[in-house]
Amino acid sequence: MDDKTNPQSPSSFNRRSFLAGAAGGAMFPLAARAAGPTTTTIPSTQDPTLPVPVTLRVNGHDNSLNIDARTTVLDALREHIGLTGSKKGCDHGQCGACTVLIEGRRVLSCLTLALSAQDHEITTIEGLSNGVRLHPMQQAFIDQDAFQCGYCTPGQIMSAIACVKEGHANSDEDIREYMSGNICRCAAYPNIVAAVKQAAPEILSG
Amino acid sequence: MRSFAYQRAADPAAAIQALAAASAGNNPLTEAEIQPLAGGTTLLDLMKLDVMRPRAIVDINPLSPAWATVSLENGNLRLGAMARMADVAANPEIQQNYPVVADSLKFAASAQLRNMATLGGNVLQRTRCTYFRDISYEACNKRNPGSGCAAMDGFNRTHAVLGTSDKCIATYPGDFAQALIALDASVDITGRAGTRTIPFAELHKAPGDTPQLETTLAPGELISGFTIRGRWPRSAYLKVRDRQSYEFALASAAIALDVEDGTVRDARVALGGVATLPWRARGAEAELKGQKFDDALAERVAEIAFEGASARSHNEFKIALGKRVVARALHQAVTMEI
Ligand SMILES: Cc1cc2nc3c(=O)[nH]c(=O)nc-3n(C[C@H](O)[C@H](O)[C@H](O)COP(=O)(O)OP(=O)(O)OC[C@H]3O[C@@H](n4cnc5c(N)ncnc54)[C@H](O)[C@@H]3O)c2cc1C
Ligand code: SF4
Ligand code: FES
Ligand code: FES
């Protein structure tokens, strides 16, 4: 790279000296940098061609996996742990079908690397019920007929639980806005709003 | 997705060190060899599309909470780069003192994405130009410098009308950046050479002849936070989109006003969804200052904001829409109760 590719020299920053310093080192692998004299401990890098050991805590259970670093939480759940409740709609953050809770927050598992989710508690649709009684939000989706094909439903339910706990289920308008990240191709939206309203008081009263 | 080496940085020093070998590659936007990973909602998306091709990823999530703090001290707002969009949008002090900041975040993306995405990553999100995102199109000067621009005579309905060049007309898609540029925020940047602070307005670059150069960040530099001086309780963010929620702006306006007895003493106007980079409409601001606010002024200001706008075959409507958004946002800011 020469200076022509970035002609604008940022203020109070000497780009030339930065480049001079950076140019000396091998770009890759990172591990080569770690050998240099430095007082900072550099986290070790994994070899991209080899699987990496990862422990994912899902619904209260530890799962020890050997996975490619590219594996998302969604693929780890579905392909490696065998929990296929979380669905892959778009794989690009656009539909919400893959919604899970990480440390209680709703997130998209298709855009979360499994490696980044280590040491965090992941909750999926499979973790909601104790096997005897459905979670109030699951029950509400059945009572209100809040799905047709059901493909978006696990994501809707995980998202809806978080929506209620965040305090964003106070009106129909609120629910629509804060559930907009979950697309339903069957357009069961009015019934989804009704289900969220039904379950909200029970969830909030604990 | 291509394979990459993953590492986690325990603290800022480790992150800077791990990023020290970063080079821009052939194209800093897509080929940078080492990329920091924050929320991952841009990075992983574009890696799956094979648009971004880092060979190594430095996960900077361990830097929050240290870099996620939000504080309002001596009338200045400091926002850590690792703060999540949802948390900042829900902060009551920000809602009260900087509604334009809270609303620009609240009306962006979805609840899940806002829980994941960081402020630092947000301002660096890439354009949603479909030709940029789809590598089966050869012609994209941003992704593939010198290859041409498929959008120029293609489907350019969502493309920019301000700040364009004959090389690229891609819209800068973010909302939060419009609040930052309107409020004259500064950005703290840290790298191997130390830390520096620049006006937010100097972070992004217009496409010009080099649309692949989007920012003035050097390879390996990290944004650590943003500072906004003064309070802006009379401020608003209005966003108009193809659907009411979970969509990028077709046109948006970030407005901040200081109004006394119906006269505008100070004014800030920034435009989203219509420009190639975060866009401050200084001419519009100058027109507002010292004037009594009324409908005629709002219309004049909206005209000025879009002076010099140029459309392609499918995005002409953005000029008319954008003007209405500016006028409506001004009304909203003037009439809001503070
Ligand atoms: C379906 C969808 C809809 C969306 N809608 C909207 C919308 O309406 N409005 C809107 O504004 N946005 C929208 N977004 C974009 C979203 O807000 C951004 O993807 C997000 O804010 C990026 O933040 P992140 O932390 O996930 O960044 P990442 O993906 O982790 O990083 C983005 C880039 O910034 C770099 N980076 C990250 N942090 C730093 C740092 N501290 N210093 C230096 N470099 C850094 C990364 O290396 C990468 O190149 C949408 C996204 C999706 C997927
Ligand atoms: S508008 Fe810009 S990003 Fe889109 S195809 Fe043209 S050069 Fe590429
Ligand atoms: S599969 Fe994750 S958002 Fe669509
Ligand atoms: S029930 Fe079919 S997609 Fe929602």
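1. Helix 3 of chain A is followed by A:Gly82, whose phi is positive, near 85°. Helices here are DSSP runs of H or I with at least four residues, strands are DSSP runs of E with at least two, and both are numbered from the N terminus. Helix 3 covers residues 73-81, and its buried residues are A:Val73, A:Leu74, A:Asp75, A:Ala76 and A:Leu77. Buried means under 20% relative accessible area, exposed means over 50%, and partly exposed lies in between (1.4 Å probe, protein chains only). The cover over these buried residues of helix 3 of chain A includes strand 1 (52-58), strand 2 (61-67), strand 3 (99-102) and strand 5 (121-123) of chain A.

2. A word on the basis of this note. The model is predicted: local features need pLDDT of at least 70 and side-chain atom pairs count only at pLDDT 80 or more, while totals for chains, interfaces and linings use all residues. Residues are numbered from 1 along each chain as its sequence is written, chains are lettered from A and ligands numbered from 1 in the order in which they are written, and side-chain values use heavy atoms, with hydrogens and water left out.

3. Chain A as a whole has seven helices and five strands. Along the sequence, the elements of chain A run α-α-β-β-α-β-β-β-α-α-α-α. Of the 206 residues in chain A, 47% are buried. Contact means heavy atoms within 4.5 Å. Taking the contacts in chain A between residues at least 6 apart in sequence, 52% join residues at least 24 apart.

4. Chain A is assigned domain 1 (49-127) and domain 2 (129-206); such bounds come from an automatic or database domain assignment. Taken over C-alpha atoms, the centres of domain 1 and domain 2 of chain A are separated by 21 Å. Each of these domains of chain A gives 16 residues to the contact. About 1,300 Å² is buried between domain 1 and domain 2 of chain A, and carbon and sulfur atoms give 56% of that area. Buried area is the accessible area (1.4 Å probe) that two parts lose on being put together, summed over both.

5. Helix 4 (residues 136-143) and helix 7 (residues 189-204) of chain A pack at an angle of about 145°, with axes 8 Å apart. The axes are lines fitted to C-alpha atoms, for helices over the stretch in contact, and angles run from 0 to 180 degrees between N-to-C directions. Among the residues that meet are A:Met137 and A:Phe141 in helix 4, and A:Ile192 and A:Val196 in helix 7. By class, the contact of helix 4 with helix 7 of chain A has nine nonpolar, two polar and two charged residues. Ala, Val, Leu, Ile, Met, Phe, Trp, Tyr, Cys and Pro count as nonpolar, Asp, Glu, Lys and Arg as charged, and the others, Gly among them, as polar.

6. A:Ile175 is placed in helix 6 (residues 172-178) of chain A. A:Ile175 counts as buried because its relative accessibility is 1%. Apart from neighbours within four places in sequence, A:Ile175 is in contact with A:His168, A:Ala169, A:Val193, A:Val196 and A:Lys197.

7. In chain B, B:Asp45 lies in helix 2 (residues 43-48). B:Asp45 has a relative accessible area of 1%, so B:Asp45 is buried. Neighbours within four places in sequence aside, B:Asp45 is in contact with A:His92, A:Leu111, B:Gly40, B:Arg128 and B:Arg133.
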